[in-house]
Amino acid sequence: MMKKQIERIGRNGYYNYLGLRDFLLFTRDVLSTLFNFYSQVQIGFSVIVKQVYFTGYEAKWLIIFVALAIGGVLILQGNIYLTAFGQTRMIYLLLVTVVVRELSSLLTAMIVIARSGTSISTELGNMVVNKEIDLLRSFGISPLSYLVVSRTAGVIAAMFILTIVFNVTAVLGGWFFSTLFYPLNIEVFISNFMAEITVSDIILSVIKSIVYGFSIALISSYHGLKVVKASTEVPQRTIKAVVYSITTVVIANGIITFVYYWLK
Amino acid sequence: MNRIRDEKMTNDLLTLKAVSFEHEECLLLSGITLSFLRGKVYIITSEPDGGKSLLLKIAGGILKPTEGEVEFRGVDLYHEKHGKDLTKRIGSVFQESTLISNLSVEENILLPIKYLDPGYNYEAVILEVINLFRYFQINIRNLGKRPSDVSYSVKKLINIIRVIVTKPEIFLIDAPFFNLNAVDRKQLFLKLLEMKKKGETMVIATNDRKLIEDLGDEVILLAKGQIKENCRTADFFRSSNPAVINFIDHQVGG
């Protein structure tokens with residue numbers, strides 16, 4: 001009984017190792033293709049534009065809605081407790097720490113996973129089943145370059161833009177909800193906020209958005225292209241893409257935040 | 001293309017050297033050695049699941065063989081640095097009517113040309129496409145449609161048109177009559193005949209007797225992943241090889 005369990009653990013560990021190695025090789029190939037992307041940019045550019053449109057532009061209202069809600073709730077909660085301690089100005093520090101450094105990129109990543117990660121995985125999986133990947137190979141077009149690298153570039157660009165939109169909207173939302181408690185000039189609010197935010201906060205947010213965008217596109221593409229024969233594999237692979245993307249983003253968030261405070 | 005080596009005196013365009021392919025511990029192709037010469041039409045024929053489509057995919061640079069080499073104009077497609085680039089000089093038509101589903105029919109046709117020649121003349125290419133649409137009696141309006149909106153028969157013809165307009169050096173056509181109605185078959189047959197007369201190099205996987213007899217210069221018979229016969233078309237139908245006699249009786253209708 002014990003021996004069987006040890007065998008099972010060993011077998012699972014070995015398969016996990018093989019899976020990780022396969023993913024790292026895929027990442028290496030994508031990165032090397034990324035640097036040679038200019039050679040196929042004439043056909044991949046339209047894919048980048050479409051990806052930015054779908055991931056970025058079409059998600060704008062959802063991002064704005066979530067950012068407004070987050071900014072509003074933060075101000076609402078902050079005002080109740082911080083005012084009681086006479087620390088109303090701390091609200092700006094709260095906005096910088098919670099929204100700019102953490103939630104903007106993290107929540108944007110979750111929305112991008114839900115919309116674009118799933119669609120990339122599903123689309124590529126169906127392309128494999130329909131033999132469209134073989135078709136691209138027959139033209140001498142690298143599926144990595146045409147499908148993966150261009151989508152990755154598109155998702156990174158969209159994540160970057162959406163994170164900025166999230167930050168700006170959440171801050172403006174914060175101001176709007178503050179006015180419900182006391183009259184507050186927007187210029188005063190912005191100048192107080194700017195006094196708290198530093199360049200390193202903005203850089204942190206940008207780095208996070210780029211790392212998350214890269215991770216989401218890479219993981220979703222990898223699982224989409226791992227579909228082998230049947231369309232029933234497509235939802236299974238999509239679920240894996242979502243689970244691994246969320247896990248990777250959360251771990252990456254922890255590591256980047258740790259490095260940020262360590263360097264500070 | 002400066003990487004392409006000087007052409008050999010033998011005029012070999014595409015060469016398979018001891019090619020084998022194994023999948024899930026099953027040997028599907030074994031020790032296939034073939035040379036396709038410029039200007040000739042080759043017919044690959046076999047019983048169903050005999051490895052015709054697999055051989056074409058390997059020859060077309062799409063599927064790497066487990067063993068052996070595939071050389072296009074002397075350059076190994078799978079093992080040399082610029083081998084993959086040469087795949088675009090080979091025009092593959094699959095048995096299934098494959099089109100990229102999120103592109104329009106026109107975008108599908110232009111996709112390989114955009115890659116092959118970014119500075120291509122759009123007007124000239126689209127005129128050629130329209131002429132081919134007219135030849136195959138396909139409605140021009142289909143150019144703006146998505147692949148899901150056109151019939152299987154039209155999809156198959158679009159696959160062939162797409163390859164014709166890219167002007168490859170060799171055509172690899174898998175089951176050309178698959179999914180086609182009688183009218184389209186006739187038109188396609190005449191087009192293939194015209195291409196043969198023009199001196200195009202073609203490798204066609206089929207069991208259709210008319211195609212074999214009227215188009216083929218040489219016939220290659222595959223069975224159980226191996227070449228059982230490789231001879232001129234006239235000799236194929238007179239062959240005393242038991243494998244060929246059995247095949248003709250059962251697969252191409254004597």
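Biologist: How do you know that chain B and chain A are in contact?

Modeller: Contact means heavy atoms within 4.5 Å, and 23 residues of chain B are in contact with 20 residues of chain A. This is a predicted model: local features need pLDDT of at least 70, side-chain atom pairs count only at pLDDT 80 or more, totals for chains, interfaces and linings use all residues, and side-chain values use heavy atoms, with hydrogens and water left out. Residues are numbered from 1 along each chain as its sequence is written, while chains are lettered from A and ligands numbered from 1 in the order in which they are written.

Biologist: What makes up the area that chain B and chain A bury between them?

Modeller: Carbon and sulfur atoms carry 62% of it, out of about 1800 Å². On the chain B side, I100(B), L111(B) and Y115(B) lose the most area to chain A, together 31% of what that side buries. Buried area is the accessible area (1.4 Å probe) that two parts lose on being put together, summed over both, so the 1800 Å² covers both chains.

Biologist: Why is the pair K57(B) and D134(A) called a salt bridge?

Modeller: The term requires a side-chain nitrogen of Lys or Arg within 4 Å of a carboxyl oxygen of Asp or Glu. The closest N and O atoms of K57(B) and D134(A) are 3.3 Å apart, so the pair qualifies. Between chain B and chain A the count is 2 salt bridges.

Biologist: Which elements of chain B give two or more residues to the side that touches chain A?

Modeller: They are β6 (90–93) and α3 (105–116) of chain B. Of the elements, α3(B) gives the most, with 4 residues. Helices (H or I, at least four residues) and strands (E, at least two) are DSSP runs, numbered from the N terminus.

Biologist: What makes a residue on that side of chain B count as nonpolar, polar or charged?

Modeller: Ala, Val, Leu, Ile, Met, Phe, Trp, Tyr, Cys and Pro count as nonpolar, Asp, Glu, Lys and Arg as charged, and the others, Gly among them, as polar. By that scheme the side of chain B that touches chain A has 10 nonpolar, 6 polar and 7 charged residues.

Biologist: Why is the space lined by S138(A), F139(A) and residues of chain B, including K88(B) and R162(B), called a cavity?

Modeller: On a 1 Å grid over the protein atoms alone, a cavity is a set of points where a 1.4 Å probe fits but cannot get out; a pocket is an open set with protein on both sides within 12 Å along at least five of seven lines, and lining residues have an atom within 4 Å of a point. β6(B) gives the most to the lining of the largest cavity, with 3 residues. By class, that lining has 5 nonpolar, 4 polar and 2 charged residues.

Biologist: Which residues lie nearest the centre of the second largest pocket?

Modeller: G19(A), L20(A), F23(A), H223(A) and Y244(A) do, among 16 lining residues. The elements giving two or more residues to this lining are α1 (2–35), α8 (199–225) and α9 (233–263) of chain A. The volume of the second largest pocket is about 470 Å³, where a volume is the space filled by probe spheres set on the points, and grid points are joined across faces, edges and corners.

Biologist: How many helices and strands does chain A have?

Modeller: Chain A has 9 helices and 0 strands.
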